[in-house]
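Subject: Structure handover

Dear colleague,

Please find the structure below, followed by an account of what was found in it. I would be grateful if you could read the two together.

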Amino acid sequence: MIGAGYVGLVTGACFAEVGNDVLCVDVDAGRVALLQRGVVPIHEPGLSDMIARNVRAGRLRFTTDVDAAVAHGVLQFIAVGTPADEDGSADMRHVLSAARNIGERMQEFKVIVDKSTVPVGTADRVRDTITAALAERGADIGFSVASNPEFLKEGAAVGDFMRPDRIVIGATDERAITMLRSVYAPFQRNHERLLIMDVRSAELTKYAANAMLATRISFMNELANLADELGADVEHVRQGIGSDPRIGYRFLYPGVGYGGSCFPKDVKALQATAREHGRPSRILAAVEAVNEEQKLRLVEKIVQRLGADLSGRVIALWGLAFKPDTDDMREAPSRAVVGALAERGAAIAAYDPIAMDEARRVLGSVERLRFADSPMAAAQGADALVVVTEWQEFRSPDFGALKRQLRQPLIFDGRNVFDPEHVRAAGLEYFGIGRP
Ligand SMILES: NC(=O)c1ccc[n+]([C@@H]2O[C@H](COP(=O)([O-])OP(=O)(O)OC[C@H]3O[C@@H](n4cnc5c(N)ncnc54)[C@H](O)[C@@H]3O)[C@@H](O)[C@H]2O)c1
């Protein structure tokens with residue numbers, strides 16, 4: 001398993017859990033040292049226990065030794081990062097460096113599996129890179145490249161991997177298909193979940209999935225902003241349309257925009273691919289533009305209520321992670337909200353159940369931002385409470401106590417988690433997204 005991040009660690013641990021012998025390699029020596037000491041550097045429910053169990057059983061190990069990693073397995077999964085490059089396209093440096101490492105060292109047949117989210121055509125580039133490295137050595141060794149995009153959700157990654165909706169395999173080589181079928185067999189005892197297709201379709205499927213989900217979110221955000229103007233409640237509308245089985249309830253939540261390590265970069269990367277091929281995507285351009293604006297929708301509402309100059313104001317902020325059950329702060333909407341509030345002079349008291357360390361790392365330099373020990377401590381003396389991430393523990397606060405803590409009884413609910421009537425009945429002013 002090449003790359004021991006969210007995807008590599010979860011995939012490696014789950015493969016070990018069903019009995020495989022897994023070696024995870026990462027270029028980040030600090031991360032590997034932590035893992036070797038039994039510290040799991042990311043928050044993912046159930047992952048630490050699973051890793052500990054499989055390390056104890058001798059089925060899961062971590063290394064920085066590339067020679068050992070290439071020698072270790074016939075299946076070489078590439079699960080390294082593919083961040084957005086300056087022009088929005090996916091930066092393939094890490095993927096191609098992993099491919100080169102394999103080509104420079106392999107001594108026998110290997111199946112190289114692209115698990116990272118990579119643009120259509122990457123399997124060809126991986127193949128060319130390995131072929132070139134083999135040619136430099138004058139080595140004639142067979143290998144196969146397959147695509148196996150990952151669909152796990154952070155916060156539920158272990159469950160998603162152990163019980164996948166589908167497993168997409170892009171491959172034409174029978175030997176590779178047989179090996180992948182065998183390694184995934186334990187995860188689909190109940191019914192067949194393997195979708196085998198050509199490599200390019202598999203690569204495109206991953207971007208299509210994330211782009212579709214991001215589109216649903218931006219659509220709902222645009223609708224919510226219109227509902228604000230019309231005096232309609234988008235939460236009723238959401239249920240009204242979600243009940244249609246053709247639409248469904250999931251990913252229809254309006255809020256402060258999508259974030260995380262995947263949607264923003266994947267929407268950008270798919271646009272870059274579309275542009276390169278002369279078919280620029282008007283839909284995705286709009287999805288991205290709506291999302292960027294939406295991150296500041298709450299701040300707009302705060303300014304409408306408290307004025308443009310927020311100096312001397314204290315804002316309590318609940319939730320920093322880009323979504324609940326993760327400590328991931330990559331592209332988290334909270335970063336835009338904190339930045340905009342600080343720019344207007346506000347002091348911010350923030351609380352998150354899990355992401356506080358990560359938030360200190362990425363937001364530590366923001367002036368007048370402090371981190372509170374509890375939701376109520378954050379609210380103490382604040383002019384408004386802003387909810388940015390819908391953690392379970394925020395859903396049903398004691399509104400009476402909250403009112404007593406706040407200097408001004410204002411709630412800006414960026415995830416529509418509260419019942420406006422309930423909040424108002426407790427004597428607080430309520431502002432949601434797309435709700436009168
Ligand atoms: N995070 C998710 O929820 C998720 C879900 C599905 C797909 N993906 C995709 O999976 C890929 C990995 O994402 P992630 O969130 O796990 O990233 P991550 O940043 O958490 O982890 C990537 C790891 O790869 C390591 N690495 C980089 N170059 C390397 C090399 N040459 N050899 C060995 N290790 C190397 C890095 O040090 C890092 O630890 C991305 O393409 C992402 O889009 C992510």
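**The ligand site**

Among the 26 residues around the ligand, those that come nearest are Val7, Asp26, Thr82, Glu154 and Lys265 (a residue is near if one of its heavy atoms lies within 4 Å of the molecule). This is a predicted model, in which local features need pLDDT of at least 70 and side-chain atom pairs count only at pLDDT 80 or more, while totals for chains, interfaces and linings use all residues. Residues are numbered from 1 along each chain as its sequence is written, and side-chain values use heavy atoms, with hydrogens and water left out.

Polar contacts are pairs of N or O atoms within 3.5 Å. Oxygen atoms of the ligand lie 2.6 Å from a polar side-chain atom of Lys265 and 2.8 Å from a backbone N or O atom of Val7; a polar backbone atom of Val27 is 3.4 Å from a ligand nitrogen atom. Of the 830 Å² of accessible area that the ligand has on its own, the protein covers 90% (Shrake-Rupley method, 1.4 Å probe).

The helices α1 (6-17) and α5 (93-105) each supply at least two residues of the shell around the ligand (helices are DSSP runs of H or I, at least four residues). The shell comprises nine nonpolar, nine polar and eight charged residues, where Ala, Val, Leu, Ile, Met, Phe, Trp, Tyr, Cys and Pro count as nonpolar, Asp, Glu, Lys and Arg as charged, and the others, Gly among them, as polar.

Yours sincerely

Key. Polar contact = N/O pair within 3.5 Å; in protein donor to acceptor, adjacent residues only side chain to side chain.
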